[in-house]
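Biologist: Can you walk me through this one? I have the file open and want to know what holds it together.

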Amino acid sequence: MILDHHSLAILRELQRDARQTVQQIAERVGLSTTPCWKRIKDMEAAGVITGYSALVDRARVGLGLLVVAEVNLNQHSPDTVQAFERAVQATPPIVRCLSTTGQADYLLSVLVPDIAAYEQFLHAELFRLPGVTHVRSSIVLKEVKSDVRLPVPMQPTAPEPRRERRSAPPLKTKNLGHP
């Protein structure tokens with residue numbers, strides 16, 4: 001799917017506030033309501049927009065501790081990797097998992113209420129995930145930046161397709177016998 005400047009503007013608006021009406025978004029991006037709605041539906045169908053959610057203050061819901069855990073696996077066979085990744089998907093305190101190069105095979109972001117809860121999570125769950133041989137934990141003291149919005153470009157990265165202007169077909173006229 002090629003995203004033109006209107007579609008990119010719609011994405012920025014939805015990331016800023018997904019509770020806006022289509023009419024509000026359309027006004028902000030310079031489109032009428034129907035084309036704006038159609039672009040949103042097209043981006044949803046194409047998988048550009050993957051869902052909508054609310055941003056929740058983690059401290060206000062009792063998740064005061066963020067831990068970044070570096071995890072190494074004992075082997076990198078497809079079965080071990082798949083089992084580990086499935087287990088991570090099924091473990092709610094793990095809110096982010098990145099497969100990486102470097103010293104760690106994976107970087108995990110773990111949210112728990114406090115250090116005691118993390119210690120329990122570490123021993124009862126994290127060490128028991130398939131293939132895990134080593135975990136190095138770093139306690140986050142302060143989140144300097146935590147933004148889920150993507151830096152959607154202002155302009156398309158690929159040139160917009162040229163729209164050919166079609167000339168009107170020649171008018172058909174009846175020959176009334178006049179030269």
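Modeller: Keep in mind that this is a predicted model. A place to start is strand E1, residues 65–73, which is joined to E4 by seven bridges, with the two running antiparallel.

Biologist: What does E1 pair with in the antiparallel sense besides that?

Modeller: E1 also pairs with E3, again antiparallel and over seven bridges.

Biologist: And what is the strand order in the open sheet?

Modeller: The order is E2-E3-E1-E4, four strands with antiparallel pairing. Strand E2 (94–99) and strand E4 (132–139) are the edge strands, each pairing on one side only. On average, neighbouring strands are turned by 20° against each other, direction ignored.

Biologist: Glu70 and Arg136 carry charges I'd look at. How far apart are they, N to O?

Modeller: Their side chains meet in a salt bridge at 3.0 Å, N to O. Arg136 sits in strand E4 and Glu70 in strand E1, so this pair ties together parts that are 66 residues apart in sequence.

Biologist: What are the relative accessibilities of Arg136 and Glu70?

Modeller: Arg136 has 39% relative accessibility and counts as partly exposed. Glu70 is partly exposed too, with a relative accessible area of 23%.

Biologist: Now the packing. Which residues touch the most other members in the largest nonpolar core?

Modeller: Tyr118 and Leu126 do, in a core of 21 residues. The elements giving two or more residues to this core are E1, H4, E3, H5 and E4. E1 supplies the largest share, five residues.

Biologist: What does Tyr118 touch, leaving out residues up to four places away in sequence?

Modeller: With those left out, Tyr118 touches Leu65, Val67, Ala69, Val110, Val112, Leu126, Val135 and Ser137.

Biologist: Val67 and Ala69 are in that list. Why would every second position of a strand show up?

Modeller: In a regular strand the side chains alternate between the two faces of the sheet.

Biologist: I noticed a histidine. Where is His6?

Modeller: His6 lies in helix H1, residues 5–16.

Biologist: Is it buried or exposed? I mean His6.

Modeller: His6 is buried, because its relative accessible area is 16% and the cut-off for buried is under 20%.

Biologist: What does the side chain of His6 reach?

Modeller: It reaches the backbone oxygen of Val29, at 3.2 Å. Not counting residues up to four places away in sequence, His6 touches Val29, Gly30, Leu31 and Arg39. Leu31 is also among the residues of the 14-residue core.

Biologist: Back to charges. How many salt bridges does the structure hold?

Modeller: It holds nine. One of them joins the side chains of Asp57 and Arg60, at 3.6 Å, N to O.

Biologist: How exposed are Asp57 and Arg60?

Modeller: Asp57 is partly exposed, with a relative accessible area of 41%. Arg60 is exposed, at 75%.

Biologist: And what does Arg149 meet in a salt bridge?

Modeller: The side chain of Arg149 meets that of Asp147, at 3.1 Å, N to O. Arg149 is partly exposed at 43% relative accessibility, and Asp147 is partly exposed at 39%.

Biologist: Which residues are joined into one network by shared partners?

Modeller: Glu13, Arg16 and Arg28 are, through salt bridges that share partners.

How values were computed. Residues numbered from 1 in each chain as written. Predicted model: local features only at pLDDT ≥ 70, side-chain atom pairs only at ≥ 80, totals over all residues. Heavy atoms only, no water. Pairing = 2+ DSSP bridges. Axes fitted to C-alpha atoms, helices over the stretch in contact; angles between N-to-C directions. Salt bridge = Lys/Arg side-chain N within 4 Å of Asp/Glu carboxyl O. Buried < 20%, exposed > 50% of the residue type's maximum accessible area, 1.4 Å probe, protein only. Core = buried A, V, L, I, M, F, W, Y, C linked by side-chain atoms within 4.5 Å. Contact = heavy atoms within 4.5 Å. Polar contact = N/O pair within 3.5 Å; in protein donor to acceptor, adjacent residues only side chain to side chain.
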